[in-house]
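Here's a quick walk through one structure for anyone meeting it for the first time. Have a look at it, then read on.

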Amino acid sequence: MASDETNNILDEVTTGEYKYGFFTEVETETIPPGLSEETIRIISEKKMEPEWLLEFRLKAYRKWLTMPEPKWAHLQIPPIDFQEIIYYAAPKPKKELTSLDEVDPELLDTFNRLGISLDEQKRLSGVAVDAVFDSVSVKTTFSETLAREGIIFCSFSEAVQNHPELVKQYLGTVVPYADNYFAALNSAVFSDGSFCYIPKGVKCPVELSTYFRINAANTGQFERTLIVADEGAYVSYMEGCTAPMRDENQLHAAIVEIVAMKDAEVKYSTVQNWYPGDKEGKGGIYNFVTKRGLCKGERSRISWTQVETGSAITWKYPSCILMGDHSVGEFYSVAVTNNHQQADTGTKMIHLGKNTRSTIISKGISAGKSNNSYRGLVRVAKNAVNARNFSQCDSLLLGSQCGAHTFPYIRTENNTSIIEHEATTSKISDDQLFYCNQRGIDTESAIGLIVNGYAREVLNHLPMEFAVEAQKLLAISLEGSVG
Amino acid sequence: MLNIQDLHVQINGKEIIKGLHFSVNKGEVHAIMGPNGTGKSTLANVIAGKEQYEVTGGSITYKGLNLLDLAPEDRAREGIFLGFQYPVEIPGVSMTNFMRTAINEQRKYKGLPPMAAGDFLRYMKEKQQLVELQDKLSNRSVNEGFSGGEKKRNEIFQMAMLEPELAILDETDSGLDIDALKIVANGVNKLRRPDNATVVITHYQRLLDFIVPDFVHVLYEGRIVKSGGKELALELEEKGYEWIKGI
Ligand SMILES: Nc1ncnc2c1ncn2[C@@H]1O[C@H](COP(=O)(O)OP(=O)(O)OP(=O)(O)O)[C@@H](O)[C@H]1O
Ligand SMILES: [Mg+2]
């Protein structure tokens, strides 16, 4: 017999109301589609936001109205009707399924091949979670550990309510509302997201991950994340999930801001696997994300590691502003495009401080009729004495109908800087595939093996729990692309 | 175990193999010799199932199976191994990972569970010693930056790992120094069992001093024009291929 205490904890976890969880109140209302100042006031009011935040949203909105949609990326973006989008919809409670038998078998098959555990499968596909005691204790231990260290890890809305001074201090300091078209839009209408603060000298003992967020899937299409690592702090943060994510909202315009103070280090890992659309290119998510980190203090470090396999269109340049002297920025990326997917991704490394260093490793993999571009900027300002950058941008082509493009921009105003750029383009040859076949490895597995080998340098930077799934994900994303 | 009847093969519309007969029984070692460009590698690749080669006539049976119906990976899983004349490089894929995938795929085909990591590493060590392949090579990417001789030795290492029933070694001896040649030959000899067979393709009778064949065949212009015992290789070396053309 389960004790009352057990039942209480079970209740807590399955409803998400445990203390450090991410419970966002489930409301049922939505407001009509369309975007106006009125819409923004309603959003802000419903979220019970302070006046300054409403002002921030309104300023962003007014700016957005004056901005043209960006046209420079190597992408073909169908026109988006911003008046057709619903900007405030309280997260819909998902139709609760009672067992995995009710879930789309194709989805289950993918889950299995990714090696996702049964409990996790249920959680992802919206089957009522029969929380086993184990996972309860994992989650409670997790929350307790964070609390003990003084770490704040909560939803953005919660942070606005409970830590307004921190949010106000850092919001928009790395990605200003006027930064770009989609950043302005996000700043005006952002729905929810995560907030994370690591106090001085604290090394976060666990990987912070959206995994622990029960409402993760409902943060909406305009997600906003803010991570602050105070002096000497360390955190590794993981976003996303290898399981295929579907969403009714076609447009996703998120913002991630990271601030690293003196001697702080932030590692941010992403696996992005939004619905890419079907083989003919119908449907799929448009993923227009602004991610930027500010290495504010001396010797601070920010590293971005991303595995991008999903979305119909990806537009994303996780960047680092290396302001503190001796600060370090890193960008490790694998971007896979198949069928009709388009990706234009890369990074910007802005060297401002002395002796700043940056590393860029980008591995693009294109298959089918897809288009994959790397776009990167390395900028060295006048005072950035002895700045160093190393960039390596490789493209791997599968088949002859896909495209790979590299757009490296270098701007340096300081002649003591050293900037190295290497680029290669390669193909998987028939001879390589035959060699694998001849050893008993079928073509699909051979492609998986070769692609993972190609991406190894980047995958090595992922936290362990992500790396294994990411490897399988790469292979699965390219299925049917050759042969 | 292998039976080839009246085989015709084209590449890009050009006939390379022109009515070839060839058969191999368990426990036998065959050597195939012949001038450059006469179709030796073509024959080896066709047996292994390379797609670019079009079989326009004839039949190949292997262990009673119609070999031409099988995908190349299934031929491998059924025990056919090809030691490549020009092994390709696969950047980023470590030899260890490559071999583990290969072995586990083959085990899966036979209904066996994957080999545990520890067992695998021990097994690999043992086989490395057999061909005196240095440890460090297995940490490197498949054939990447290997010297010519290392690549050939690596082929024999893979053969040792996979324990094929029918091994076809396409000029595994060329590019090897005399010590390496002995090591490779020694490896092949140690792996010889009554229930497997080996076909060595070579230009040099020297190899046959170490791997003693039961039969020697001369492939010329897409056909086997002469077969005999070990002494045929000596005769060829002495008289050159001009002698064959006269036949
Ligand atoms: N992919 C190809 N396309 C066109 N011709 C080819 C191709 N592969 C082989 N050939 C031709 O087929 C013929 C036989 O080639 P093959 O490689 O089988 O010869 P070989 O007997 O192995 O020669 P060697 O002793 O030089 O290794 C040659 O004339 C060669 O040029
Ligand atoms: Mg040859």
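This is a predicted model: local features need pLDDT of at least 70, side-chain atom pairs count only at pLDDT 80 or more; totals for chains, interfaces and linings use all residues.

## Helix α1 of chain B

The buried ones are B:K40, B:T42, B:L43, B:A44, B:N45, B:V46, B:I47 and B:A48.

B:S41 belongs to helix α1 (residues 40-48) of chain B, while B:Q85 is in the loop between β6 (80-83) and β7 (90-94) of chain B, so the pair ties together parts that are 44 residues apart in sequence.

B:Q85 is also buried: its relative accessible area is 15%, and the cut-off for buried is under 20%.

Next up are helix α3 (residues 95-109) and helix α4 (residues 117-130), both in chain B. They pack at an angle of about 110 degrees, and their axes are 11 Å apart. An angle of 65 to 115 degrees counts as roughly perpendicular, so that's how α3(B) and α4(B) lie to each other. The crossing is right-handed.

Who makes the contact? From α3(B), it's B:T96, B:M99, B:R100 and B:I103; from α4(B), it's B:A117, B:F120, B:L121, B:Y123 and B:M124. Sorted by class, this contact has seven nonpolar residues, one polar and one charged.

Methods:
Residues are numbered from 1 along each chain as its sequence is written. Chains are lettered from A and ligands numbered from 1 in the order in which they are written. Side-chain values use heavy atoms; hydrogens and water are left out. Helices (H or I, at least four residues) and strands (E, at least two) are DSSP runs, numbered from the N terminus. Buried means under 20% relative accessible area, exposed over 50%, partly exposed in between (1.4 Å probe, protein chains only). Axes are lines fitted to C-alpha atoms, for helices over the stretch in contact, and angles run from 0 to 180 degrees between N-to-C directions. Angles under 35 degrees count as roughly parallel, over 145 as roughly antiparallel, 65 to 115 as roughly perpendicular and the rest as oblique. A crossing is left-handed if the near helix is turned anticlockwise from the far one by less than a right angle, and right-handed if clockwise. Contact means heavy atoms within 4.5 Å. Ala, Val, Leu, Ile, Met, Phe, Trp, Tyr, Cys and Pro count as nonpolar, Asp, Glu, Lys and Arg as charged, and the others, Gly among them, as polar.
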